[in-house]
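Open the model in your viewer and keep the selection tool at hand. This tour goes stop by stop.

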Amino acid sequence: MTKPRIIVTGATGKTGRIVASELLKAGYPVRALVRREDDRSALLKAQGAEIAVADMSDVERIADALRDVQGAYYCPPLDPYMIQGAVAFRVAAKEAGLERIVSLTQWLASPSHPSLMTRQHWLVDRLFSMTPGVAHTIVNPGFFADSYLVTIGLAAHLGLFPWMYGKSRNAPPSNEDIARVAVAALMNPARHAGKSYRPTGPELLGAEDMAKAIGRAVGRSVRVVPTPTWLFIKAARMAGMSIDVMSNVRYYIDDHKRGAFEPGAPTIDVLDVTGRPAEDFETIARRYAALPQNRGTFGNWVRELAQFMTAPLSPGFNLDRYDRELRRPFPSEPQFAPESKVWRREHGITDPAKPAALVHNLGTSATGRPQWLESQ
């Protein structure tokens, strides 16, 4: 029997490229949606993927990309117009008769969050869940392990691990585990329709735990360095991070400090959905430590030292001015995730101080109303 064609949006990204690769290995025809053709899309093409080039908000191009497609991995672009792209995709999906969507969202997604991107994630989740005739599954991880390992070069060469999150903890998942959960849901939509999965690593870790794991991965002692948010933002700009992303990430740092990633973690969703246990943080760190830019060469050491010394002197972003110039909508009463009654209810947290088990079913309640509206 012919397997359904799957479109993968964000196909050259951290999870999209793995989703596309895993589906191709399993014999599924894959259409990889990318913003531009480059070396990364060429690699997907060499693996057997069909390449489609389109911006997510371009309704006509998206409609063309969805022709003859039965399923989709939807990874929203990290830009201020995420909701426009999601609506365009939803319109095109209806016209194409799409049967299954697995969408990547955020554990923090809530309606009054100060981050525009996070509020839009919450709306996109509901937009797809209300699409008739489509088996929809949500994958909602917290901070990826990748978020902490971006600075592993600093650990490898200078023995330092920057930390902005106070005494809070997380059970961070690998890009690979997040992608494998999405692939399993795409392959078996009947089992996973209407579910929300939170991939995590196998244990909650704080700063010292992560530093020790990274130290074992790079083969040296690694010290935690408490880092102010302003310095992190400067370093992120030096590394090429966009102002779109950083205007949202600044709020996620505060969420992390508030312990937003601790309730309900760790989960066993990776094992339940994929049949494989979640990768531990040290295993993930060893994979990053083996990358060429993180190996113990003199050139890499000089680069890391130069970046470390110049980061405090480099320009940062004027994020407040950026928001004003974009005329971004802002909630009348913004709430970080742990402060939001809607967020706590949707995540099964009856008391912020006493995390409860996660609630995995989406859709409607016995009254026929969307579950997030119940008890409003």
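**Stop 1: the sheet**

Begin with the strands. Seven of them form an open sheet, in the order S3-S2-S1-S4-S5-S6-S8, and the pairing is parallel. Keep in mind that this is a predicted model.

Which strands stand at the edges? Select 50–53 for strand S3 and 196–197 for strand S8. Each has a single partner strand, so one side of each is left without a neighbour in the sheet.

Now select residues 6–9, strand S1, together with residues 71–74, strand S4. The two pair in the parallel sense over three bridges. Pick isoleucine 7: its bridge partner in S4 is alanine 72.

**Stop 2: two helices on the sheet**

Select residues 16–25. This is helix H1, and it packs on the sheet. Helix H1 touches S1, strand S2 (30–34) and S4. Its direction makes about 160° with that of S1.

Go on to residues 175–187, helix H8. Helix H8 also packs on the sheet, touching S1, S4, strand S5 (100–104), S6 and S8. Between the directions of H8 and S5 the angle is about 165°.

**Stop 3: aromatic rings**

Show the side chains of Phe, Tyr and Trp. The count comes to 14 aromatic pairs.

Select phenylalanine 143 and phenylalanine 261. The ring centres are 5.0 Å apart and the planes stand at 45°, so the pair is tilted. Where do these two residues lie? Phenylalanine 143 is in the loop between strand S6 (135–139) and helix H6 (145–149). Phenylalanine 261 is in the loop between helix H12 (243–257) and helix H13 (269–274). The pair therefore ties together parts that are 118 residues apart in sequence.

Next, pick tyrosine 148 and tryptophan 163. This aromatic pair is stacked, with 5.9 Å centre to centre and 15° between the planes. Tyrosine 148 lies in helix H6 and tryptophan 163 in strand S7 (residues 160–163), so the pair ties together parts 15 residues apart in sequence. Tyrosine 148 and tryptophan 163 are both buried.

Now widen the selection to Phe143, Tyr148, Phe161, Trp163, Tyr165, Phe261 and Phe281. Together they form one aromatic cluster.

**Stop 4: arginines over rings**

Select arginine 198 and tryptophan 107. The arginine lies over the face of the tryptophan, at 3.6 Å from the ring centre. Then try arginine 258 with phenylalanine 336. Here too the arginine lies over the ring face, at 4.1 Å from the ring centre.

**Stop 5: salt bridges**

Side chains of opposite charge can pair when their charged atoms come close. The structure holds 19 salt bridges.

Start with arginine 40 and aspartate 38. Their closest N and O atoms are 3.1 Å apart. Arginine 40 is partly exposed at 45% relative accessibility, and aspartate 38 is partly exposed at 22%.

Select aspartate 320 and arginine 250 next. This salt bridge has its closest N and O atoms 3.1 Å apart. It links distant parts of the chain: aspartate 320 sits in helix H16 (residues 319–326) and arginine 250 in helix H12, 70 residues apart. Buried or partly exposed: which is arginine 250? At 14% relative accessibility, arginine 250 counts as buried. Aspartate 320 is partly exposed, at 46%.

Last, pick arginine 287 and glutamate 279. Their side chains meet in a salt bridge, 2.9 Å from N to O. Arginine 287 is partly exposed at 32%, whereas glutamate 279 is buried at 16%.

Note on methods
Residues numbered from 1 in each chain as written. Predicted model: local features only at pLDDT ≥ 70, side-chain atom pairs only at ≥ 80, totals over all residues. Heavy atoms only, no water. Phe/Tyr/Trp six-rings, centres within 6.5 Å; stacked < 30°, edge-to-face > 60°. Helix = DSSP H or I, 4+ residues; strand = E, 2+ residues; numbered from the N terminus. Buried < 20%, exposed > 50% of the residue type's maximum accessible area, 1.4 Å probe, protein only. Lys NZ or Arg CZ within 6 Å of the ring centre and 35° of its normal. Pairing = 2+ DSSP bridges. Contact = heavy atoms within 4.5 Å. Axes fitted to C-alpha atoms, helices over the stretch in contact; angles between N-to-C directions. Salt bridge = Lys/Arg side-chain N within 4 Å of Asp/Glu carboxyl O.
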